[in-house]
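This report describes selected local features of one structure. The sequence and the model are shown first, and the discussion follows.

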Amino acid sequence: MDAKTKYKAKKIRAVFFDIDDTLRVKDTGYMPESVTAVFNSLKAKGILTGIASGRAMYGIVPEIRDLDPDYFVTINGSYVRDKKCQEIVNQPLAPEITKLYVKWCREIGIEYGFAGKDKPVVSSRCRLIDETMMPVYGMCDVDPDFHLTNDVYHMWTFSEDNDNLALPKELAEQVRLVPWHKHSSDVVQLGISKASGVNSVLEKEQLTPANLLVFGDGPNDMEIFDYAGLKIAMGNAVNELKEKADYVTDKVEEDGIFNALEKLGMVEKELNFPQLNLEAHNGPKATIKTNHGDLVVKLFPEQAPKTVANFIALSKDGYYDGVIFHRIIKDFMIQGGDPTGTGMGGESIYGESFEDEFSEELYNLRGALSMANAGPNTNGSQFFIVQNKNFPYNAKELERGGWPKEIAEVYVNGGTPHLDRRHTVFGQLADEASFEVLDAISAVETDSADKPKEDVVILGVEVVD
């Protein structure tokens with residue numbers, strides 16, 4: 001994401017989202033949990049949220065309504081209301097247009113449908129219509145003459161050859177076709193679109209297009225992409241929309257919306273600090289058995305998957321059996337995992353050094369299990385456990401330095417924050433008995449090279465996945 005796009009984000013005061021294949025997967029109904037976090041975060045920042053959809057209100061599923069957006073721009077902009085049900089736009093098609101449209105459909109032999117204010121209606125019950133409409137509106141009422149006695153906000157075509165349909169001149173002067181399914185197009189009044197609907201909202205809120213960010217994926221998002229100050233296309237969007245976008249994010253199921261907004265600095269990842277809540281952590285547990293007692297460690301595969309996999313595999317293979325803690329510095333750490341006992345050896349299960357896995361959720365607190373290395377991305381088999389109790393900072397200083405408040409508050413009990421983002425943290429001592437063993441090991445007599453005068457030996461490592 002370039003600097004120009006990030007600069008545009010500073011002006012955003014409203015964010016509108018398409019539904020199908022943007023907020024949720026149309027065919028399966030899947031909506032990422034991150035979408036809820038996005039809406040909550042935007043609201044907390046005072047940013048307006050809205051839905052901009054081809055769907056009518058009766059087609060907006062409960063999980064979308066539960067997001068509690070401030071505005072609903074529906075039926076491609078012809079019906080707009082706020083969350084208190086106050087109507088802002090209510091613009092049905094003129095009756096003469098609907099009559100002319102039905103006449104054309106009957107002449108060329110295709111099925112048709114109507115989006116009324118309160119329900120969708122189709123011209124017949126057939127496989128083509130059911131396959132198209134069921135995922136969005138369920139089973140629709142059949143009434144080919146619905147338009148004669150009811151307001152119609154937009155219409156639908158249903159045709160096996162939908163891509164090749166062309167409106168006659170007298171209709172093309174009034175409405176346009178907007179494809180949304182391989183067998184169907186919305187038939188939308190000229191001058192009415194998601195853009196016109198959102199414009200009504202912005203005027204009400206005294207905002208401008210520069211204050212608007214939109215997310216979309218399909219042809220009915222073209223006009224709103226031309227209108228908005230900042231536009232983001234989903235990874236699954238049509239190519240024409242991607243070309244208009246300021247940024248193309250990931251697919252729906254890959255948390256595309258959250259990822260884009262996080263890059264823009266408009267939402268923050270909800271961090272989980274497993275080191276601060278070990279009792280609730282259900283990950284694998286390792287017991288490092290030493291000649292001074294056991295060190296019980298909980299491991300964090302979600303945050304450091306490759307590092308944890310390496311440690312578990314080496315442990316189960318007996319790689320650490322009989323290996324010493326070759327470097328011990330009181331009020332700092334104890335280091336081991338090198339079968340040569342020199343600090344110069346050791347090999348990962350990958351056969352070579354592997355990359356660091358730094359996480360915003362893990363820190364070199366007292367009791368942290370971290371990878372020793374010889375510089376960036378040089379991890380092998382060696383590890384250390386942070387022992388330091390004497391902490392020269394205070395929590396406010398760390399917070400000002402960028403550490404999360406929760407972590408800064410725990411660091412006052414000990415740790416080595418200067419090693420954060422330099423060494424991969426992948427575990428944490430799990431009980432008080434283990435800390436007693438850690439402190440006992442750190443107190444052994446060492447030589448000028450920080451090597452214990454009497455070996456501190458790893459007898460083995462037991463892992464419970």
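## A histidine in a loop

In which loop is His-147 found? The model is a predicted one, and in it His-147 is placed in the loop between β8 (141-142) and β9 (154-158).

His-147 has a relative accessibility of 8% and therefore counts as buried, the limit for that class being under 20%. When residues up to four places away in sequence are not counted, His-147 touches Thr-98, Lys-99, Val-102, Phe-114 and Val-152.

## Packing of two helices

How do helices α2 and α10 pack, and at what angle? Helix α2 spans residues 33-44 and helix α10 spans residues 256-264. The angle between them is about 40 degrees, and their axes are 8 Å apart. Angles under 35 degrees would count as roughly parallel, and those from 65 to 115 as roughly perpendicular; α2 and α10 are therefore oblique to each other. The crossing in which α2 passes α10 is left-handed.

On the α2 side the contact involves Ser-34, Val-38 and Leu-42, which meet Ile-257, Phe-258 and Leu-261 of α10. By class, the residues of this contact comprise five nonpolar, one polar and no charged.

Most residues other than glycine have a negative phi. Two residues with positive values are described here.

Cys-85 is not a glycine, yet its phi is positive, at about 70 degrees. The residue is found in the loop that lies between β4 (79-82) and β5 (87-90). Cys-85 has a relative accessible area of 48%, so it is classed as partly exposed; exposed would require over 50%.

Asp-450, also a residue other than glycine, has a positive phi near 70 degrees. Its loop runs between α14 (432-442) and β22 (458-464). With a relative accessible area of 25%, Asp-450 is partly exposed.

## The annotated domain span

Which feature does UniProt place at residues 290-463? The record, an unreviewed entry, gives "domain: PPIase cyclophilin-type" for this span. In the model, the end C-alpha atoms of residues 290-463 lie 14 Å apart.

## A buried strand residue

Is Val-297 buried or exposed? Val-297 belongs to strand β16 (residues 293-299), and its relative accessibility is 0%, so it counts as buried.

Leaving aside neighbours within four places in sequence, the contacts of Val-297 include Pro-284, Lys-285, Ala-286 and Ile-288. Leu-369 is also in contact with Val-297, as are Gly-427, Gln-428, Leu-429 and Ala-430. Val-297 and Asp-431 are separated by 134 residues in sequence, while their C-alpha atoms are 8.3 Å apart in space.

## A glutamate in helix α12

Where does Glu-399 lie? Its place is helix α12, which covers residues 395-400. The relative accessibility of Glu-399 is 28%, and this residue therefore counts as partly exposed.

When residues up to four places away in sequence are not counted, Glu-399 touches Lys-405 and Ala-408. From Glu-399 to Glu-409 the separation is 10 residues in sequence and 8.9 Å in space, taken C-alpha to C-alpha.

Methods: Residues numbered from 1 in each chain as written. Predicted model: local features only at pLDDT ≥ 70, side-chain atom pairs only at ≥ 80, totals over all residues. Heavy atoms only, no water. Axes fitted to C-alpha atoms, helices over the stretch in contact; angles between N-to-C directions. Helix = DSSP H or I, 4+ residues; strand = E, 2+ residues; numbered from the N terminus. Parallel < 35°, antiparallel > 145°, perpendicular 65-115°, else oblique. Left-handed = near helix turned anticlockwise from the far one by under 90°. Contact = heavy atoms within 4.5 Å. Nonpolar A, V, L, I, M, F, W, Y, C, P; charged D, E, K, R; others polar. UniProt positions renumbered as here; feature names shortened; annotations may be inferred. Buried < 20%, exposed > 50% of the residue type's maximum accessible area, 1.4 Å probe, protein only.
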